[in-house]
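User: Let's go through this structure by question and answer. Keep it brisk.

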Amino acid sequence: MLKIKVVNKGHQPLPQYATAQSAGMDLRANLDAPVTLKPLERRLIPTGLHIALPVGYEAQVRPRSGLALKKGITVLNTPGTIDADYRGEIGVVLINLSQDEFVVEDGERIAQMVIARHEQGDFEEVEVLDETERGEGGYGHTGVK
């Protein structure tokens, strides 16, 4: 298991995996007072968490499927990336895509965080790319069915 250093400046418990095979751990709102999101409103919701990831890793902040389906609440910049060298507070940009107001309560599970390895690329400029069967086809070029 990868060890991740964390400073919890909030009053919520540290994120945990809900099951042994969960990919993401829930992030909780760390609020002094409830926050109301009006339809189409977006807000940065604090978590109180600061982390130090090992080099070569990122944390991805993603929506919770239940909030998205049942309430129309999602993470606006999904997945949000937390880089290994970031030491600020993890915040979650929530948006209300429903027609109803939504109240974010202190301690509410608002997003999930997935820890993932990544590579950095070094672009090499060339005049021509190799040919493939797909070529330049994209954006639904293979049809609907």
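User: In which sense do β2 and β11 pair, and over how many bridges?

Analyst: This is a predicted model, where local features need pLDDT of at least 70, side-chain atom pairs count only at pLDDT 80 or more, and totals for chains, interfaces and linings use all residues. Residues are numbered from 1 along each chain as its sequence is written, and side-chain values use heavy atoms, without hydrogens and water. Strands are DSSP runs (E, at least two residues), numbered from the N terminus, and two strands pair if DSSP finds at least two bridges between them. For β2 and β11 the sense is antiparallel, over five bridges.

User: Which residues lie nearest the centre of the largest pocket?

Analyst: A pocket is an open set of points on a 1 Å grid over the protein atoms alone, where a 1.4 Å probe fits, with protein on both sides within 12 Å along at least five of seven lines; lining residues have an atom within 4 Å of a point. β5 (49-52) and β11 each supply at least two lining residues. The lining has 14 residues, and nearest the centre lie Leu2, Ile4, Val6, Pro15 and Met25.

User: Is Asp122 buried or exposed?

Analyst: Asp122 sits in the segment after β11 (109-117). Exposed means over 50% relative accessible area, buried under 20% (1.4 Å probe, protein chains only). At 75%, Asp122 is therefore exposed.

Notes
Helices (H or I, at least four residues) and strands (E, at least two) are DSSP runs, numbered from the N terminus.
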